[in-house]
Amino acid sequence: MPADSRGTSTSPSREGTRRDGLEPRPHRLRRARYELPGLALGIAAVAWALTAAAAATAQLFTGWPPVALAVALVVLTMTPLALAVAIAGRRSGDGAGAPAGFVRGSWTDAVLGAFAGLVVRALVELVAPTGGASGLARPAPALAVTLIAAVLIAPIVEEAYFRGLVQGAASDVLANRMGRRSMAVVAVAISTAAFVAMHAIVGGLQPALLLGATLTGIACGTLAAVTGRIWAPIAAHVVYNGVGALVLLVQP
């Protein structure tokens, strides 16, 4: 590489000094997920309220056939969240209108997520063992709908909403207000609080449910913050709910 008359390199220094002699400009450590994060959070808030209202009025369907009731509850609680992800995703910074966090993953996402889901389930079972198998005493079609919703539909939709939309938009709002680590902690706390509150409304103030929702929210939020994707959180959520359903099924 060429050198000047004093034998020193003319390449930029390791400290990143620009060639024009000016100090390097500050740079963002992460790319914004949403062009209008405030709007994305507003959309998320509306969807959260609609889902809470649907859960609060579930008793209106108690006279329905079991399978129809199971399907209605899944549709009423999951649809607002899925629509919010899709609508906000049209203004996503990930490109092509893809919902935030739905970027190409890797096998490590599945491994990390599965491990986290197992750890969280083990902690919950140690503190508040799963019980109430009588809740599965329902016709086979209704039970199948409930299990599919709990193990597949809910983990995908909820992680896309709580970790992709809520946590992603919150991170964008906070990006220019605090450091990267503080931003991640606060965003995880926001998504976890919304996650726990939703489960409290849908499932009631049950200590085991609230403990599981809190630990799952923290674990999935941390995975999303570390990987920048929602595949690991989805895997963790699937494993957590799946093992819980299996425990219920094998109880005498």
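1. A search of the whole structure finds three salt bridges, a salt bridge being a side-chain nitrogen of Lys or Arg within 4 Å of a carboxyl oxygen of Asp or Glu. Side chains of opposite charge can pair when their charged atoms come close. The model is a predicted one, in which local features need pLDDT of at least 70 and side-chain atom pairs count only at pLDDT 80 or more, while totals for chains, interfaces and linings use all residues. Residues are numbered from 1 along each chain as its sequence is written, and side-chain values use heavy atoms, with hydrogens and water left out.

2. As for the overall fold, the chain holds seven helices and zero strands, and from the N terminus on its elements run α-α-α-α-α-α-α. Helices (H or I, at least four residues) and strands (E, at least two) are taken as DSSP runs and numbered from the N terminus.

3. One of the salt bridges joins D109 to R229, with the closest N and O atoms 2.8 Å apart. This pair links distant parts of the chain, since D109 sits in helix α3 (residues 107-127) and R229 in the loop between α6 (207-227) and α7 (231-250), 120 residues apart. D109 is buried, with a relative accessible area of 1%, and R229, at 19% relative accessibility, counts as buried too; the term buried means under 20% relative accessible area, exposed means over 50%, and partly exposed lies in between (1.4 Å probe, protein chains only).

4. A salt bridge also forms between R121 and E125, whose closest N and O atoms are 2.9 Å apart. Both residues belong to helix α3, where R121 and E125 are four residues apart, about one turn of the helix. R121 has a relative accessibility of 9% and therefore counts as buried.

5. In helix α4 (residues 140-174), R163 and E159 lie four residues apart, about one turn of the helix. Their side chains meet in a salt bridge at 2.7 Å, N to O, and both R163 and E159 are buried.

6. Turning to helix packing, the axes of helix α1 (residues 37-56) and helix α2 (residues 66-89) come within 8 Å and cross at roughly 170°, which makes α1 roughly antiparallel to α2. The contact is made by A40, I43, A47, L50, T51 and A54 of α1 together with L76, T77, P80, L81, A84, I87 and A88 of α2, where contact means heavy atoms within 4.5 Å. By class, the contact of α1 with α2 has eleven nonpolar, two polar and no charged residues. Here the axes are lines fitted to C-alpha atoms, for helices over the stretch in contact, and angles run from 0 to 180 degrees between N-to-C directions; angles under 35 degrees count as roughly parallel, over 145 as roughly antiparallel, 65 to 115 as roughly perpendicular and the rest as oblique. Ala, Val, Leu, Ile, Met, Phe, Trp, Tyr, Cys and Pro count as nonpolar, Asp, Glu, Lys and Arg as charged, and the others, Gly among them, as polar.

7. Leaving aside its neighbours within four places in sequence, T216 is in contact with V120, F195 and Y240. T216 and N241 are 25 residues apart in sequence, with their C-alpha atoms 9.9 Å apart in space.

8. For the chain as a whole, 38% of the 252 residues count as buried. Among contacts with a separation of 6 or more, residues 24 or more positions apart account for 78%.
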